[in-house]
Amino acid sequence: MENRIEPVLEESWKKILENEFHQQYFSDLKNFLIEEKKSYRIYPPGPLIFSAFNFTPFDNVKVVILGQDPYHGPGQAHGLCFSVPAGITFPPSLRNIFKELLSDAGIPVPMHGNLEPWAKQGVLLLNATLTVRARQAGAHQKRGWENFTDNVITALSSQRNNLVFILWGNYAIAKKSLIDDSKHCILTAAHPSPFSADRGFFGCKHFSSTNNYLIGRGLSRIDWNLY
């Protein structure tokens, strides 16, 4: 990572978020990350930190899936929540997401875990914290990223209509307070982690529910297949 983290962003997101990069919390976050990199490996690699925004322009967002931290193992995180590059073994939560996708929509488990095709169709795959220290889950929480991503959610809620927000697990569900449920669909369930998937994630049918909502408002559905 360079000694600056104001990213090159897709133009619509740049207009929405430009002011955030001049806030004190973001300056503090930048300094924290500069210091972190001196002693630790950080995931995802610097150019991929803002991938979710660059794959899914603000005006194209139809669905928001909210994660918490990037994956903290080698080669896993690439800037899209729950996603891993092709060739990387599925983490347990992603494996369970594919199981629910099969049960809900009849879509076979894919050969890879790269969710970029979803992002390109308008699914913003947003982690609340955009970086992590290698092998230390949560190490970059409460350093400023949550301020940034809360403002992302707030902007989407206030400036867009008829979005689907998919919130899995208590951490994500707590973000409901940022979303205007009078003009958006909010879907909640247990987290797909093996520790909680049996307590309400399996059987949530969020993939079909998302498409039913979009189609009902004259919007194109998401093709959840990963080709």
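Q: Before anything else, what does "buried" mean here?
A: Buried means under 20% relative accessible area. The model is a predicted one.

Q: Take F26, then. Buried or exposed?
A: At 3% relative accessibility, F26 is under that cut-off, so F26 counts as buried.

Q: OK, aromatics in general. How many aromatic pairs are there in the whole structure?
A: A search of the whole structure gives 21 aromatic pairs. One of them joins W13 and F58: the ring centres are 5.1 Å apart and the planes stand at 85°, so this pair is edge-to-face.

Q: Where do W13 and F58 lie?
A: W13 is in helix α1 (residues 11-17), and F58 is in the loop between α3 (51-55) and β2. These parts are 45 residues apart in sequence, so the pair ties them together.

Q: And are those two buried or exposed?
A: W13 has 0% relative accessibility and so counts as buried. F58 is buried as well, with a relative accessible area of 4%.

Q: Back to F26. What does F26 pair with?
A: F26 forms an edge-to-face aromatic pair with F21, at 4.9 Å centre to centre and 85° between the planes. F21 counts as buried because its relative accessibility is 12%.

Q: Which residues form the aromatic cluster?
A: W13, F21, Y25, F26, F50, F53, F58, W145 and F148 form one cluster.

Q: You listed F53. What does F53 touch?
A: Leaving out residues up to four places away in sequence, F53 touches L9, E10, W13, L17, L124, L126, L130, F148 and V152.

Q: L124 and L126 are in which strand?
A: They are in β3, on one side of the strand, with V123, L125 and N127 on the other. Residues on both sides are buried, and β3 (residues 123-127) has five of its five residues buried.

Q: What about its link to β2: how many bridges, and parallel or antiparallel?
A: Five bridges join β2 (residues 63-67) to β3, and the two strands run parallel. L66 stands opposite L126 in β3.

Q: Next, helix α4. How far does α4 reach?
A: α4 has 14 residues and reaches 20 Å from its first C-alpha to its last, close to the 20 Å expected.

Q: Which of its residues are buried?
A: The buried residues of α4 are S93, L94, N96, I97, F98, E100, L101 and D104. Their cover includes α5 (116-120), β5 (164-168) and α8 (206-216).

Q: What about P92? Where does P92 lie?
A: P92 lies in α4 (residues 92-105). With a relative accessible area of 41%, P92 is partly exposed.

Q: And which residues is P92 in contact with?
A: Setting aside neighbours within four places in sequence, P92 is in contact with P192 and P194. P92 and S193 are 101 residues apart in sequence, yet their C-alpha atoms are 6.4 Å apart.

Q: What comes just after α4?
A: G106 does, with a positive phi of about 70°.

Q: Last one: what sits over the ring of Y40?
A: The charged end of R133 sits there, 3.8 Å from the ring centre.

Definitions and conventions
Residues numbered from 1 in each chain as written. Predicted model: local features only at pLDDT ≥ 70, side-chain atom pairs only at ≥ 80, totals over all residues. Heavy atoms only, no water. Buried < 20%, exposed > 50% of the residue type's maximum accessible area, 1.4 Å probe, protein only. Helix = DSSP H or I, 4+ residues; strand = E, 2+ residues; numbered from the N terminus. Pairing = 2+ DSSP bridges. Phe/Tyr/Trp six-rings, centres within 6.5 Å; stacked < 30°, edge-to-face > 60°. Lys NZ or Arg CZ within 6 Å of the ring centre and 35° of its normal. Contact = heavy atoms within 4.5 Å. Expected span 1.5 Å × (residues − 1).
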